[in-house]
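Hi,

Here is the structure I promised to pass on.

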Amino acid sequence: MSVKIRFFARFRELLGSDIMTDVAAGTMFTPLITTVARKNPEGYIAIFDEKGDFREFVILMKNGKRIDIADAAKTPVTDGDEIAVFPPVAGG
Amino acid sequence: MFSERERERYNRQMLLFGDEGQERLKKAHIFIAGAGGLGSPVSLYLAVAGIGTITLVDTDVVDRTNLNRQILHFDRDIGRKKTDSAKEKLQEINPDITIHAIDVKIDETNAADLVGEADGIVDALDNYPARYLLNEVAIEEEIPLFHGGIHGFYGQATTIIPGTTPCLKCIFPKPPPQEVFPVVGVTAGIIGTAQANEVLKYLLGIGEMLTGRLFIWDGVQSHADEICMERNPACEACGGMAKKTPGRKKNER
């Protein structure tokens, strides 16, 4: 099955914009984003902490619905999902 | 009532929304937090539109590194208080409005007093801790918070109507780490003018607001996205607030 990952702002700068990726059924959010983010070490560090958990400020959305980062490791992705991953943009 | 000079000044926009709309702008008081990258276009466009009273708060001094984006400040202003520089420019661009420029750092002890009786708050800040303070004041006073943020070629904006839309803490519960952010002036221009546009529409009561939607600008791709946002019933800032029908408490007085 296939899902689309959309990074925004700083994460997009480091990892690209719309990423279509094939995943096995039952894949959870955290390992999926981990695999994609690892393509750029700087991108990985921007999203994940040293323990491999999402940094607390990261916003995750699946088909327009918020996924709590605390639940991301046990939330499966499904075919056709559109996943958004972004940070709060802080500058002014 | 308008002077002849005001009628001339606002002629092209009064063709759009008439005396009544212009009167609403003239009676309005908008609080702008920050006289930097976002605060520059926000305050300039609100000043020329004829917002009757603008309060602008900043505690910085103009530095040369500000000048690629903070278009309120000129090379000759380096070393001056941003509030002095801003008040001078805004008063020159429109002498028919009142500008209060306050040189103070916004903190939990003064945020509510600074906002005072303003009809809306524009977030032109560069950090989330101070944004959260304004979010709380907006909720307490039931006035809108016009949020903007920029980084490099990327920006975001949304309009928060307490009790109706998600608040800033619903959307961004945790702050990102503070950093020296790279940015180009045009990003501040795009997001700041989007915020000013929201303020005008709110005061005039026209169009669709950027409510419950996060506008995301990607200047590299020249592409705009929007992401729908929902209130978090467990939000520590606005979770206890009853759902409201959209209204303008302050304007109804």
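In chain B, helix α3(B) meets helix α8(B): Ser40(B), Pro41(B), Val42(B), Tyr45(B), Leu46(B) and Ala49(B) on one side are in contact with Ala188(B), Gly189(B), Gly192(B), Thr193(B), Gln195(B), Ala196(B), Val199(B) and Leu200(B) on the other. Contact here means C-beta atoms, placed from the backbone, within 7 Å. Helices are DSSP runs (H or I, at least four residues) and strands are too (E, at least two), numbered from the N terminus. The contact is made by 9 nonpolar, 5 polar and no charged residues. For these classes, Ala, Val, Leu, Ile, Met, Phe, Trp, Tyr, Cys and Pro are nonpolar, Asp, Glu, Lys and Arg are charged, and the others, Gly among them, are polar.

Before going on: this is a predicted model, where local features need pLDDT of at least 70 and side-chain atom pairs count only at pLDDT 80 or more, while totals for chains, interfaces and linings use all residues. Residues are numbered from 1 along each chain as its sequence is written, with chains lettered from A and ligands numbered from 1 in the order in which they are written.

Back to the helix pair. α3(B) (residues 39–49) and α8(B) (residues 185–204) pack at about 40°, their axes 7 Å apart. The axes are lines fitted to C-alpha atoms over the stretch in contact, and angles run from 0 to 180 degrees between N-to-C directions.

How many residues of α3(B) are buried? It's 9 of 11, so to speak mostly covered, where buried means 20 or more other C-beta atoms within 10 Å of the residue's own. Those buried residues pack against α2, β1, β2, α4, β4 and α8 of chain B. Just after the helix, Gly50(B) takes a positive phi of about 95°.

On to the core: the largest nonpolar one has 98 residues, and α8(B) gives the largest share, 9 residues. A core is a set of buried Ala, Val, Leu, Ile, Met, Phe, Trp, Tyr and Cys residues joined through C-beta atoms within 7 Å. Val85(A), Ile30(B) and Ala33(B) are among those with the most contacts inside it.

Finally, the two chains touch: 18 residues of chain A are in contact with 28 of chain B. On chain A's side, α1(A) provides the largest share, 3 residues.

Cheers

Conventions
Buried ≥ 20, exposed ≤ 12 C-beta atoms within 10 Å, placed from the backbone.
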